[in-house]
Amino acid sequence: MVEPEERPSAAGQRLGAPDSMGISTLEPGRRPPAVTPGRHMSIRVQMLDDTQEVFDVSQRAQGKILFDLVCTHLNLIEGDYFGLEFQDHRKMMVWLDLLKPILKQIRRPKNTILRFVVKFFPPDHTQLLEEHTRYLFALQIKHDLACGHLTCNESSAALLVSNIVQSEIGDFDEVQCKQHLLNNKYIPDQDTLMDRIMEYHQKHVGQTPADSDHHLLEIGRRLEMYGVRLHSAKDREGTKLNLAVAHSGILVFQGHTKINSFNWSKVRKLSFKRKRFLIKLRPDLNSNCQDTLEFMMGSRDCCKVFWKICVEYHAFFRLFEEPKPKPKPVIFTRGSSFRFSGRTQRQVIDYVKDSEFKKIPFERKHSRIQSNSDLPSYPPKLCADDHGEWNASSSGQQVDSAHRAQVTLENPSHQRYVGSPTSQSNGCRNGTHDEADARFKPSPSKHQAEHLSTGLASLAAKGPVSSSESPSAVRVMVNGQKQSLSLGHSPDGRQPSPLTSPLLTDGGFVRTDDEDEVRRKRFPTDKAYFIAKELLTTERTYLKDLEVITVHFQKFVGTDEAMPQSLRNLIFANFEPVYKFHENFLKDMEQRLAQWEGRSNAHIKGDYQRIGDVMLKNIQGLKLLTAHLQKHSEALLELEKTCRSSRKLEVLCRDFELQKVCYLPLNIIFLRPLHRLMHYKQILERLCKHYPPTHDDFRDSRAALADVSETVAQLQGTLVKMENFQKLLELKKDLTGIENLAVPGREFFRLGCLSKLSGKGLQQRMFFLFNDVLMYTSRGMTSSNQFKIHGQLPLYGMTIRESEEEWGVPHSFTLFGQRQSVVVAASSKSEMEKWLEDIKMAVDLSDCDGSSAEILSSSYTDTKCPDESSADQESEDDLSSSRSSLERQAPHRGNTTVHVCWHRNTSVSMVDFSVALENQLSGNLLRKFKNSNGWQKLWVVFTNFSLFFYKTHQDEYPLASLPLLGYSITIPSESENIHKDYVFKLHFKSHVYYFRSESEYTFERWMEVIRSATCSSSHTSTIRKEPHIY
């Protein structure tokens, strides 16, 4: 039991340190308040290292008394970042109120265990001035990883665990590391990441526990779920959300994906009324966000708990000093009297910097390299252990081995013995020590100094030692003193860190302008380099697409009897060889780009600044897989045929398309290998156009282009047929009221929105143009949002006449069929011209063919249906960047091209689909909203008329998507104050996004491919410009 008076030896008394009552949240020079008289009670507190301590306090004591005792026991100076939480009688986790009596908060103290945990997470761990505080934060990250609160990708998880293992067992030893990981579980799926953890652990040689804490916090603070505690809520529409509070403001999550945030500067007032939690925002003329946002929580108590932590977070990070209590009203009270109690972050930082504390050693409970029970009890003498750490026994007295702990020279209490960091190595080598630093008092006695210098000299006299045991390898860092630490380096600037790897730098975080300049100067600026980089980035996306079939789809169908074994063999036996080939191709590309950038030890300038040789080797290898590529179209046809005869397989495939990893229709992914050949051809054409004939890489690039052009020519006919078949299959899922859309001989031309003139006036309809028929539909009210067919107009014998003057409707024209006539109007003149050109061409083809009547399975007459509103409704599924927290995910098939055309009142032709599939692009972009200040780094993939956003290229599925149909792409004007290079702007009505690329070449490529999606074209206009399949 821990008493406030005459405590037994604790962490702060090791190595003979004088008794310290700690600092906690008290003012300078004050001791903890005396224990309130009266009956006492015992309260158990679980620390971050999973140990439990018992504290004896008065039954009338306030929460502050207990909290100060805990901080005193830990000798914790920056205790204001922490708090005590417990589960109350409502089974809710709440924070102990420091201003209220403990018994009023905890009904059964004997049966309650309070947890001492981190309460306030600062944005930058360098704001934590004490090594002890950083160690406790590291323990908090370790706990959050183990219990699943801190979610991240596998690479980040492995990197975090490797730093934890380094701090606990020291430098890498394969047997020891593997055994340690088998005995200790740090993350839920640790077994699958064992090899990767050990691989990262090997790179941490020489890293001290303090260094490991630093790297652990550096990695952790960049994760989206760092310091986040989710509170369940719903928006007005009933969508399940999670609310959280951070240093910057209030966050809104859907699952574990952040979809919105409200900065403190934009929040005018926070309140709650019963179950409703209300956020009142400051008026913003440039934003469509509502003035007051409302969230429904589980109960009033849930609202109040979240409201309290919001008040405390705002006060701690935004105020300069603790808010003063309000005067008590004389007659009645209104609202809550709750207020933040304690120092603000600004006060804590100033207090620690301005005060002089004797740094007291602390024990790392789980670290083997921080304890040594075999040290003899003699006057202080430094000795090196197996890991190159320096140990010291207590001074001037005998210390029992059970209470002896190792202290590194990073501790300022021993820093004064060895002098400044710059002179430390010399002092060790010569067997002398520098004068004591005047900052640390009292200075050591002459007897102590003699033993210290003798110990260093005797160690140096032993002759050469390994780098891990060299005195010069010992890093000295003063607690409480601001140290400069560049990203990717340890405190001494010598040891490289995994933090410089793409695993973290590709994550989504705000990057400064200085980092941009450094990046531009570091990497090559030749256009050929950026063409090669485009090849690498798109190859990463392509390999992920192949994984959808070879890994995820194969795992999803498993041994399900719905898929026949013959079909299973046809699909996976022809996709897996292609996947394995491109897996090796990607490794070759990554290695060559690393050599080109100079990141490889094998880099020799000039020899590796080329890509044609790698392309030639792999294109020749790809030609051997032509038989497998031809089988992919056969597999798609067989899958569709089997789905028609097996309802169970059809449902199985539909359920798989609902998975997050299947971000595109499955039949599009089946055609990915054929489209990838077109990408290779386009990239090699740009490369050969850029190179002069005398360039070293020109010959290989031209040979690779010839080989891939030959393969494309062989498969071109198959690709044309399969693209049309795939589009018919996709449209079939969006239409209801027709038995079989994909009949032999039918070709798709255009789909889009037109207004049809009827007795009720102009009504919005969705039209689908094929080579034999024109169908018009309206959006039904089904759960899958399908379009119901109202009628079909055979094209055979159809005539067209512009009728704007006749009906007085702008951009209108009349379609005269054999059975009926229809008057329709387009949204603009350009839209009308596209429709007229495509319809005329389809009618000409139908008249020549004369078989449209045979193709049509049935004929429909126009049936009336209620007109549907909400033409301006948005369909983008932009979860991470929604401008309102109340937006919800679109239901199934609510985000397809057909629905986007319906909402955006536009049209798309088959030519557009083919161009969009051929013009795919992926890479890192910086994204910014209209009213935001920072740029967020994202991995962006353009395909199928949409941008898909990922945090890194390693993510399995996108966080959000943005359909581009209807958007305009421009360059920001001077009035928008975007003073950056290579920025383009996407806007549709009030939706505005800015994107920033890394070079002129990538900027032009993004502009080119996005324009292909935002600017629709007709068949005839495209045919006049260049030869095309249609």
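Author: The model is a predicted one, where local features need pLDDT of at least 70, side-chain atom pairs count only at pLDDT 80 or more, and totals for chains, interfaces and linings use all residues. Residues are numbered from 1 along each chain as its sequence is written, and side-chain values use heavy atoms, leaving out hydrogens and water.

Helix α4 covers residues 154-169 and reaches 22 Å from first to last C-alpha, close to the 22 Å expected at 1.5 Å a residue. That expected span is 1.5 Å times one less than the number of residues. Helices (H or I, at least four residues) and strands (E, at least two) are DSSP runs, numbered from the N terminus. Just after α4, G170 takes a positive phi of about 90°.

Now for the sheet. Five strands form an open, mixed sheet ordered β2-β1-β5-β3-β4; two strands pair if DSSP finds at least two bridges between them. At its edges lie β2 (52-58) and β4 (93-95), each pairing on one side only. Strands β1 (residues 40-46) and β2 are antiparallel over 7 bridges, with Q46 opposite Q52 in β2. Helix α1 (residues 63-74) lies across β1, β2, β3 (82-87) and β5 (113-118), at about 135° to β2. Contact means heavy atoms within 4.5 Å, while angles run from 0 to 180 degrees between N-to-C directions of axes fitted to C-alpha atoms, for helices over the stretch in contact.
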